[in-house]
Amino acid sequence: MKIVMLGAPGAGKGTQAKKIADKWQIPHISTGDIFRANIKQGTELGKKAKAFIDKGMLVPDELTIELIIDRLHQADCTNGYVLDGYPRTIPQAESLTEVLDKLDEAIDYAVNVDVPDENIVNRMSGRRACLNCGATYHIKYAPPVNEGICDRCQSELVLRDDDKPETVLKRLEVYHEQTQPLIDYYEKLGVLRSVDGTKDLEDVFSAIVDILGA
Ligand code: AP5
Ligand code: MG
């Protein structure tokens, strides 16, 4: 199964993508996580990406498209994947469709996690992220067992640099301009499904399971 997660920053794409990946045993591929891992390791890509991410802007398509196409050709992707944070622009979506077309494949579902802007800033300030394995927590809604420590890999949890309120507002603006048009794009392909992302995170997951088929 090939799934694309859509939704504003902080809508819960990463949270739900992880649960989908666990249940369906497919890789969770997050461009944000890939960029953050590169930033942590100090790679050339990481240095270039950081300049954009810290300002709440998108990393340019030419750095992003090739990265993801390489990833999708890896062996663990043969049974599908859940893409989180990709595509994020129309050119990225078109390139993905083109790559899949050549293989006679297609995205099965684009799951749009719908959360209004007013809920987002609040959520982000409580988020804690593991930069080692990509797990995401919330100090109130999804706390780790031990405060400040990742349940999965025991690394230290951090507040992401781009989760400052002013950067979140910029990310929301960029989302509406460049990413929201993908809702129409996948609607036209007939694979768009929307869930109410303001619900409790287990309820959001149940709605997704209903869509994908248990
Ligand atoms: P990325 O890491 O993808 O960030 P994002 O899209 O802004 O999304 P987030 O990860 O912030 O939110 P999320 O929807 O995953 O929410 P989460 O599950 O964590 O990208 C970061 C940056 O990298 C971008 O700004 C861009 O610069 C660059 N980038 C990445 N991909 C790119 C691309 N393709 N092209 C160009 N640039 C790219 O949930 C948020 C919080 O809420 C958590 O604390 C969670 O525990 C909590 N929560 C989740 N669900 C619920 C719920 N139902 N109720 C209560 N709390 C909840
Ligand atoms: Mg995320």
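**Exercise 1.** In this predicted model, find how far a polar side-chain atom of arginine 36 lies from an oxygen atom of ligand 1.

Solution. Start at the side chain of arginine 36: one of its polar atoms sits 2.8 Å from a ligand 1 oxygen. Polar contacts here are N or O pairs within 3.5 Å, so check two more distances against that cut-off. Arginine 127 has a polar side-chain atom 2.6 Å from an oxygen of ligand 1. Now look at the cover: on its own, ligand 1 exposes 1000 Å², and the protein buries 97% of that.

**Exercise 2.** Work out which residues surround ligand 1 and which are the closest.

Solution. The shell has 37 residues, with Thr15, Met57, Arg88, Arg127 and Arg171 the closest. Sort the shell by type and you get 15 nonpolar, 12 polar and 10 charged residues. Next, go by element: H1, H2, H6, S6 and H9 each supply at least two residues, and H2 has the largest share, with 4.

**Exercise 3.** Describe the lining of the second largest pocket.

Solution. First, the space: about 270 Å³. Then the lining: 14 residues, with Thr15, Lys18, Thr136, Tyr137 and Arg152 nearest the centre. H1, S6 and H9 each give two or more of the lining residues, and H1 gives the most, 5. By type, the lining splits into 5 nonpolar, 3 polar and 6 charged residues.

Notes
Residues are numbered from 1 along each chain as its sequence is written. Chains are lettered from A and ligands numbered from 1 in the order in which they are written. This is a predicted model: local features need pLDDT of at least 70, side-chain atom pairs count only at pLDDT 80 or more; totals for chains, interfaces and linings use all residues. Side-chain values use heavy atoms; hydrogens and water are left out. A residue is near a molecule or strand if one of its heavy atoms lies within 4 Å of it. A polar contact is a pair of N or O atoms within 3.5 Å; within protein, one must be able to donate a hydrogen and the other to accept it, and residues adjacent in sequence count only if both atoms are side-chain atoms. Accessible areas come from the Shrake-Rupley method with a 1.4 Å probe; for residues, only the protein chains shown count as cover. Ala, Val, Leu, Ile, Met, Phe, Trp, Tyr, Cys and Pro count as nonpolar, Asp, Glu, Lys and Arg as charged, and the others, Gly among them, as polar. On a 1 Å grid over the protein atoms alone, a cavity is a set of points where a 1.4 Å probe fits but cannot get out, and a pocket is an open set with protein on both sides within 12 Å along at least five of seven lines; lining residues have an atom within 4 Å of a point. Grid points are joined across faces, edges and corners, and a volume is the space filled by probe spheres set on the points.
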